[in-house]
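Thanks for making time this morning.

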Amino acid sequence: MAVEETVVKSLSLTGPITLYEVSAVCETLRMALSEGKPLRINLSDSGPWDLAGLQVLISCVQSARNRELEVRLAEVPEICAQVAERSGLSSWLLSVRE
């Protein structure tokens, strides 16, 4: 019996994740998903955040699910969690955190 090993693609987002950066962040995430592997996104060096940045993460997770892939968020900064809370998305964020 052969066992398939699942390789996870790791990616770190750094710097601001706001309306002004979402195009570049979206392209980075799209390229990572195109590899067809589960994705782990480290957010420890990211910020500041706004709702547009959070929406990019939501879109990435949904796109991955459509491809039957998983996305996990690691080391989510407090400011990102605060944006999620103010937007009523705390439960969603908790569901995708490591």
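**Starting from Leu73**

Leaving aside its neighbours within four places in sequence, Leu73 is in contact with Ile41, Leu43, Leu57, Trp92, Leu93, Val96, Arg97 and Glu98, where contact means heavy atoms within 4.5 Å. Before I go further, a word on the basis: this is a predicted model, in which local features need pLDDT of at least 70 and side-chain atom pairs count only at pLDDT 80 or more, while totals for chains, interfaces and linings use all residues. Residues are numbered from 1 along each chain as its sequence is written, and side-chain values use heavy atoms, with hydrogens and water left out.

Helices (H or I, at least four residues) and strands (E, at least two) are DSSP runs numbered from the N terminus, and two strands pair if DSSP finds at least two bridges between them. On that basis there is an open sheet of three strands, in the order β1-β3-β5 and with parallel pairing. Its edge strands are β1 (9-12) and β5 (71-74), each of which pairs on one side only, and the twist averages 20 degrees from one strand to the next. Strand β3 (residues 39-42) is joined to β5 by four bridges, and four bridges likewise join β1 to β3. Arg40 illustrates both pairings: its bridge partner in β5 is Arg72, and Ser10 stands opposite Arg40.

Which helices lie across these strands? Helix α1 (residues 22-33) lies across β1, β3 and β5 and runs at about 170 degrees to β1, whereas helix α2 (residues 51-66) lies across β3 and β5 and runs at about 145 degrees to β5. The axes here are lines fitted to C-alpha atoms, for helices over the stretch in contact, and angles run from 0 to 180 degrees between N-to-C directions.

Now to the core, by which I mean a set of buried Ala, Val, Leu, Ile, Met, Phe, Trp, Tyr and Cys residues joined through side-chain atoms within 4.5 Å; buried is under 20% relative accessible area, exposed over 50% and partly exposed in between, with a 1.4 Å probe and protein chains only. The largest nonpolar core has 30 residues, of which Leu13, Leu29, Ile41, Leu57, Val71 and Leu73 touch the most other members. At least two residues each come from α1, β3, α2, β5, α3 (78-86) and α4 (90-96), and α2 gives the most, with seven.

In α3, Cys80, Ala81, Val83 and Ala84 are buried. They lie on the same side of α3 because they cover an arc of only 160 degrees around the axis, taken from the directions from the helix axis to the C-beta atoms. Glu78, Glu85 and Arg86, on the other side of α3, are exposed. What covers the buried residues includes β4 (46-49), α2 and α4.

I will finish with Asn42, which lies in strand β3 and counts as buried because its relative accessibility is 12%. Its side chain makes a polar contact with the side chain of Ser44 at 2.8 Å, a polar contact being a pair of N or O atoms within 3.5 Å where, within protein, one must be able to donate a hydrogen and the other to accept it, and residues adjacent in sequence count only if both atoms are side-chain atoms.
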